[in-house]
Every structure is written in structure tokens, then in C-alpha cells.
Amino acid sequence: MLLIRPITQADYPALMQIAIESGAGFTSLPVNEQKLKQKIAHSEHSFGIDTEQPGNQGYLFVLEDTETGEILGTSGIEASVGLTTPLYHFHKSTVVHHSNELNVYNPVEVLTMCNDYTGVSEICTLFLREPYRSGMYGRFLSKVRFMFMAEHPKRFSKIVIAEMRGMADENALPPFWQWLQSYFFSIDFPTADHMIGIGNKGFIADLMPRHPIYVSLLPKSAQDVIGQVHVNTAPALKLLENEGFIHRGYVDLFDAGPTVEAQLKQIKSVRSSHRIKVAIGVPVEGPTLAISNPQVAGFRATISNQAQVDGDVLIITQAIADGLQVNAGDEVRYLNLDRGAK
């Protein structure tokens, strides 16, 4: 059975391996033992507390093959970003240079550093290991976060964002960063990336340009990647766009990857997931469903086509009930993963 659950300290070796496999640019999982263990501890604390408002909580899930015990991927949510460490973006907007006297009208794109997303919730840390990037594993990992948020909306902001990894060249270096480094920094991208990953962001405010940047003055290689996603991130972006996320011009400071946003209550999987009582039996094979229990610390979710909606109950097998830690008559949340799969 494939099971998504909260991460525990016992998952540290697997998390470190995922951090290594994710490579440069995946700043939410730095290859740093102390930071990864802190991340796990912070997640355990977040799942364990009783709260009805978003704060400095971070929820990290793992996808486990219960038969082998292997961890296949991760998925996470930050309840409220930018409260303790500033969250910076560039915002791309248009200014107009206009002269009636000369009959000149020139709209020009500019990048302005800001922290407009302070306090919103963020979905993050979505990573599926290479051998398992087929079928619905990635879809399951992505959508389970929305099922958890639908079940516990008071823990999260009304606005949800996702920062998407930007374009990189054959050496894994973002063309946008190469321009930025040459004028404002004296460190290479892996160093800057690592510093952000471990939470050392003070150098951003110290060294970043404080005034709007005219996009037309950048090298074409940098201009071309603003708002573009890394090839490995394109499927994740498509999933989010299908959920209703849109790009409003905010991009990452270093690789210029887009940040997308949505209203929590308008996210497709939030609106399309439903609470229902369960019955234990032998269901007729049907569509692929993601099914989760309503708990926080004891959250469990699985994916199966061995489940059947019958009137006002969901018939599931005993094995699924055991995996979700529910009994007949308990309520679960389910989401049809086949709908909108293409």
C-alpha cells in the first residue's frame, strides 16, 4: 500500500537521500544534517499542537510503500511564510514613459524587490524520486496537501502560494543568477542556494538592488527565463494550474522562476474533495481515489481503485481501513484523481 503520513525522525536517512537527489535549486531541502533534523522536529511539533490559526507551522509529509518501508517522496505545507524570516520576490510590472510633447508612449517592464506574500500559506517540498515518476504518484503527493488543508482550513491562510523552480543551463546554473552574480554578488549559485536553504537570508537585503530593474537592460539570456520553470518542474506547474493557481508576476530572486497563487477555498481539490462515512466490505473496482482520515498528528492518506461510493457511504477494504486507521462508521475525505487527469 502507498501511504502518505507525517514525517518522523526515523525518516531522516530517507529525507537526506531525497535532499541529495533533488539537487541545487531545491532550497526547501538543504543537504545539511542539522537543518533537516530541525525541519523534521518542527514538522512533528506542528502536527502535534492544537491551533486554529496559521502561524509558524510547517507540515512535512512522506509517501511510503508500506510493503517495503521505502520512502518514495515528500510533500509539504508552510502555514504562514515570512513571519520570522523575510520572504522576498521580484515583482514584474509595467511602467509607462510618456511624453505628449514628443508623442512618445513607451511601456517598460521592471522588476521590483518586495515581500508582498508575507503571511500567506505555501505548498512546498514536493519531490518524487526518479524511479517512481509514473502513474498517479505525483498527482497524489500534490493533491493530498489540499485534502489536509480542506479538512483543517483554520490552520492556513486564505491565500496559498507555490514557488516554482526556475530555468537552469546544462551546468544547473540559472541564467538569471549569472547576471545577478556579476553585478551584485561575489559568491556562486550553489553557495547562495545553500545559504537560503539553511535560513541565512540576511545577505539578500544587504546585496540585492534596492531600486526597480529595467528588464530591457538585462542580457537576453536573463530576460528569456523570467517567469519560466525548470523542465523538471513543468509537470508540477501544470498540476497547480489545473487546480486554479495563477501567476501574478512574482518571481524568485535568484532563478526568476514563477510564484503562483490561489484562494484556498477556490482550489479545485479543496472544492472537489468530500467527507463521507466508511463501510468495510468488498467494493467494486472503480475510479482511482485519494482517501484520507480527518486527523492531524495521526493523518493518513492512501490511493486506491478498490473503493466504491455507494449512496452516502464509501465502501473500502479492511486493508485500506487499517492503513488509514479508521473503523466502519468513521468519516474520511475522498477525492477522485481520475477527473481532470489529462
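## Helix packing and a pocket

In this predicted model, G138, R139, S142, K143 and F146 of helix α3 meet L239, L240 and E243 of helix α8, where contact means heavy atoms within 4.5 Å, and helices are DSSP runs (H or I, at least four residues) while strands (E, at least two) are likewise DSSP runs, both numbered from the N terminus. By class, this contact of α3 with α8 has three nonpolar, two polar and three charged residues, with Ala, Val, Leu, Ile, Met, Phe, Trp, Tyr, Cys and Pro counted as nonpolar, Asp, Glu, Lys and Arg as charged, and the others, Gly among them, as polar.

In the second pairing, Y12, L15, M16 and A19 in α1 meet E33, L36, K37 and I40 in α2, and the residues of that contact divide into six nonpolar, no polar and two charged.

| Helix pair | Angle | Axis distance |
|---|---|---|
| α3 (137-151) and α8 (234-243) | about 45 degrees | 11 Å |
| α1 (12-22) and α2 (33-48) | about 120 degrees | 10 Å |

Axes are lines fitted to C-alpha atoms, for helices over the stretch in contact, and angles run from 0 to 180 degrees between N-to-C directions.

The second largest pocket holds about 260 Å³ of space (a volume is the space filled by probe spheres set on grid points joined across faces, edges and corners). A pocket here is an open set of points, on a 1 Å grid over the protein atoms alone, where a 1.4 Å probe fits, with protein on both sides within 12 Å along at least five of seven lines, and lining residues have an atom within 4 Å of a point. Its lining comprises 19 residues, of which S272, L289, L335, N336 and R339 lie nearest the centre. Helices α3, α8 and α9 (268-272) and strands β14 (307-310) and β16 (331-336) each supply at least two lining residues.

Residues are numbered from 1 along each chain as its sequence is written, and side-chain values use heavy atoms, with hydrogens and water left out. Local features need pLDDT of at least 70 and side-chain atom pairs count only at pLDDT 80 or more, whereas totals for chains, interfaces and linings use all residues.
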